Amino acid sequence: MSDTENTLLITKDQPMTQPASTISLATQRPRKRRVLPTSSAKFVVGATLVLAIVLFAIIAPMFSQDPRSTDNPALLPPSAEHWLGTTKLGNDMFAQLAIGAQGSLLVGVVAGGIAIVLSLVFGVLAGYLGGWREDALALFTNVMIVIPGLPLVMVIASFVPQRSWQLVAFVLGITSWAGAAYVLRLQTRSLRTRDYVYASKVAGERSFRVILVEIMPNLLPLLTAQFLFAIIFAILGEAGLSYLGLGPNSSITWGTILNDAQSGQALGRGAWWWFVPPGVMIAVLGAGLALINFAIDEVINPKLRAAPDAARRVRKAAKTKGVAA
């Protein structure tokens, strides 16, 4: 038997593999590796900084004295007995810094929560409902965007003689939601035209369930970024108000410590330990939250994630071209 006949027999015995159809090839989607913010160095550094400050706010007050105690000598520099020195009234700065961390974090989280809830109401609902309801909600959002936030907070705070941290957080929250609501409304308007949203509507799903199940999961990275930005804005806003004497007058925060240092002429007295630690803590917390926000932005916008690699390729190509020349 010749080689040609053997080849024909082997070919008949083996099952023929059907080529993949055009439809199956068109409907196949390449598997994309899910990119999480936890894989970013920015997220790791930012989360470490924020976690360290949160642990400091929780644990440090347990091992410090009464922050309002005036039994200590005034304006003592940092020592083994008083790690961060004392204030003009003899308050232990380490104790005040620890309690102030709790106050500033509470103001930031509460104000951020209020801002994100209002953003959901005026942003997601407006973007999903459409029509005259969207126009009404969008009009109120645009009015709040035009009104300057910090001056409005200052006016409101100046009319209230007794200000708690809850009141300051509430005022900061209701004045910082409009920008996030505008972004969420545009994103929701884009999502409501997707096929899976139409399919849910045709299936008879209620609007509440469509928003909660079909739209909200796609907005989670954006909501997280907006929430972190609202926390940063609230902490910085409270520090600015407190420095001007319009912050909480019944609680200790980093801002009230800075206000006490300014009124006590800490800079002129050379008492750097009175104003440097709270300023550093505000800067470190803001940097940590900003780094986490940047990591989440890279998940939302893949172009930001690819930008460093593209820049390195351009520099390498320019360097190679220079060497070749």
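Helices (H or I, at least four residues) and strands (E, at least two) are taken as DSSP runs and numbered from the N terminus. The structure is a predicted model, in which local features need pLDDT of at least 70 and side-chain atom pairs count only at pLDDT 80 or more, while totals for chains, interfaces and linings use all residues. Residues are numbered from 1 along each chain as its sequence is written, and side-chain values use heavy atoms, with hydrogens and water left out.

Gln96 lies in helix α4. With a relative accessibility of 7%, Gln96 counts as buried, a class that covers values under 20% relative accessible area, whereas exposed means over 50% and partly exposed the range in between (1.4 Å probe, protein chains only). Leaving aside residues up to four places away in sequence, Gln96 touches Pro67, Thr87, Asn91, Ile252 and Ile257; contact here means heavy atoms within 4.5 Å. Asp66 is placed in the loop between α3 (41-59) and α4 (93-129), and is partly exposed, with a relative accessible area of 46%.

Ile257, a contact of Gln96, also takes part in the packing of α11 against α13. Helix α11 (residues 254-263) and helix α13 (residues 272-300) pack at an angle of about 150°, their axes being 9 Å apart. Axes are lines fitted to C-alpha atoms, for helices over the stretch in contact, and angles run from 0 to 180 degrees between N-to-C directions. The angle makes α11 roughly antiparallel to α13, a term for angles over 145 degrees; those under 35 count as roughly parallel, 65 to 115 as roughly perpendicular and the rest as oblique. The crossing of α11 and α13 is left-handed, meaning that the near helix is turned anticlockwise from the far one by less than a right angle, and right-handed applies if clockwise. From α11, Trp254, Ile257, Leu258, Asp260 and Ala261 meet Trp274, Phe275, Pro278, Gly279, Met281, Ile282 and Leu285 in α13. This contact comprises 10 nonpolar, 1 polar and 1 charged residues, where Ala, Val, Leu, Ile, Met, Phe, Trp, Tyr, Cys and Pro count as nonpolar, Asp, Glu, Lys and Arg as charged, and the others, Gly among them, as polar.

A further helix pair is formed by α8 (residues 178-191) and α10 (residues 207-243), which pack at about 160° with axes 11 Å apart. That angle makes α8 roughly antiparallel to α10. Their crossing is right-handed. The contact of α8 with α10 has 8 nonpolar, 4 polar and no charged residues.
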